[in-house]
Amino acid sequence: LCTEKSHVHEPTTKQDPHRPTNMMLWLIGLFLPAVLTSVHDCSVTLPHSKMFEPFVWHVNLDRLWSPLNVTCASHYYLGVGTGGKTNYSTRYDATSPNYQAWFGVYTLHHQQTHAMPTGKLMGELASLDQYAWLRAFTDPKKPHPAETPVFKPHHTHGVKGVIANVSLISAVDTGTNPPASNWEFYYPNSSWTGVVKSFQDAVVTFSFIGWPQPNTPYWNFAYFNGVNFTDTSGKFHSTLTPALFKTFESLVEGIKVTCP
């Protein structure tokens, strides 16, 4: 709410051309609820998969993406837990196919264009998200897109959508002194030592499948990612295999987004 004192206007005998009429005020009131809604009013359900822990994390990315005029609610799964006394997400297990993987969906709104984000913009958004995540692990490396992503047409959720891969020159989030504040960020040093170096450089590839949210200016972008890295023995690894991508495509169809 505005805290500044409003100026008081004396009544005039002539209609101020810039002053709203009763009809204008009625129309504003009619559409006001729609104006006040946002991506954070949408409810999201992710399909269950044995690859992921059945707990959905929710993050407001408005402040992070405000320089690019985008508001966003992110909802995601982390890799399933390892079990045992030191239960932690297989996202942090450098020997697991789930290493560095997550699955989720961005529901976003470009507040200037109200249109579908371009591939270039999605690369910038993904870079900012990855950077914020790495900073939570005290890794100062700043990711950047390896190339400008190009969206291709893709039919999903009964509508015309888009699909693209966004590869970032980045780093893994496993290293010394992780922020073990809660399960989301916890892993023991044994999860990565002997396989990768602390916060080792890597190429993180996000696969995006996007579709418009009906009756809104919002877009949903499901994301799944893998990582390319070389382990300490010199062996190259690429976790985003064609089989894994097929699994991702099938999971996307199970995402349910409902907006007021």
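Reply: Trp-57 is the residue opposite Tyr-76 in β3. Bear in mind that this is a predicted model, where local features need pLDDT of at least 70, side-chain atom pairs count only at pLDDT 80 or more, and totals for chains, interfaces and linings use all residues. Residues are numbered from 1 along each chain as its sequence is written, and side-chain values use heavy atoms, with hydrogens and water left out.

Me: Why is β3 called largely enclosed?

Reply: Buried means under 20% relative accessible area, exposed over 50%, and partly exposed in between (1.4 Å probe, protein chains only). Nine of the nine residues of β3 are buried, so the rest of the structure largely encloses the strand. Val-70, Cys-72, Ser-74, Tyr-76 and Leu-78 are buried on one side, and Thr-71, Ala-73, His-75 and Tyr-77 on the other. In a regular strand, side chains alternate between the two faces of the sheet.

Me: Why is Tyr-131 called partly exposed?

Reply: Tyr-131 has 21% relative accessibility, so it counts as partly exposed. This tyrosine sits in helix α3. Beyond its neighbours within four places in sequence, Tyr-131 is in contact (heavy atoms within 4.5 Å) with Pro-140, Lys-141, Lys-142 and Pro-143. From Tyr-131 to Lys-141 is ten residues in sequence and 7.4 Å in space, C-alpha to C-alpha.

Me: How do you know that the buried residues of α4 line one face?

Reply: The buried residues of α4 (residues 242–252) are Leu-244, Phe-248, Glu-249, Leu-251 and Val-252. Down the helix axis they fall within an arc of 165°, so they line one face; the arc is that of the directions from the axis to the C-beta atoms. Pro-242, Ala-243 and Lys-246 are exposed on the face turned away from the buried side. Among the elements covering the buried residues are β4, β8 and β9.

Me: And β9, what makes it mostly covered?

Reply: Ten of the twelve residues of β9 (219–230) are buried. β9 pairs with β8 (201–212) in the antiparallel sense over ten bridges, and Ile-209 stands opposite Ala-222. Six bridges join β9 to β4, also antiparallel, with Phe-221 as the bridge partner of Tyr-106.

Me: What divides the lining of the largest pocket into nonpolar, polar and charged?

Reply: Ala, Val, Leu, Ile, Met, Phe, Trp, Tyr, Cys and Pro count as nonpolar, Asp, Glu, Lys and Arg as charged, and the others, Gly among them, as polar. On that basis the lining has eleven nonpolar residues, one polar and one charged. Of its 13 residues, Val-59, Leu-61, Tyr-76, Asp-129 and Trp-133 lie nearest the centre. α3 gives the largest share, four residues. A pocket here is an open set of points on a 1 Å grid over the protein atoms alone, where a 1.4 Å probe fits, with protein on both sides within 12 Å along at least five of seven lines; lining residues have an atom within 4 Å of a point.

Methods:
Helices (H or I, at least four residues) and strands (E, at least two) are DSSP runs, numbered from the N terminus. Two strands pair if DSSP finds at least two bridges between them.
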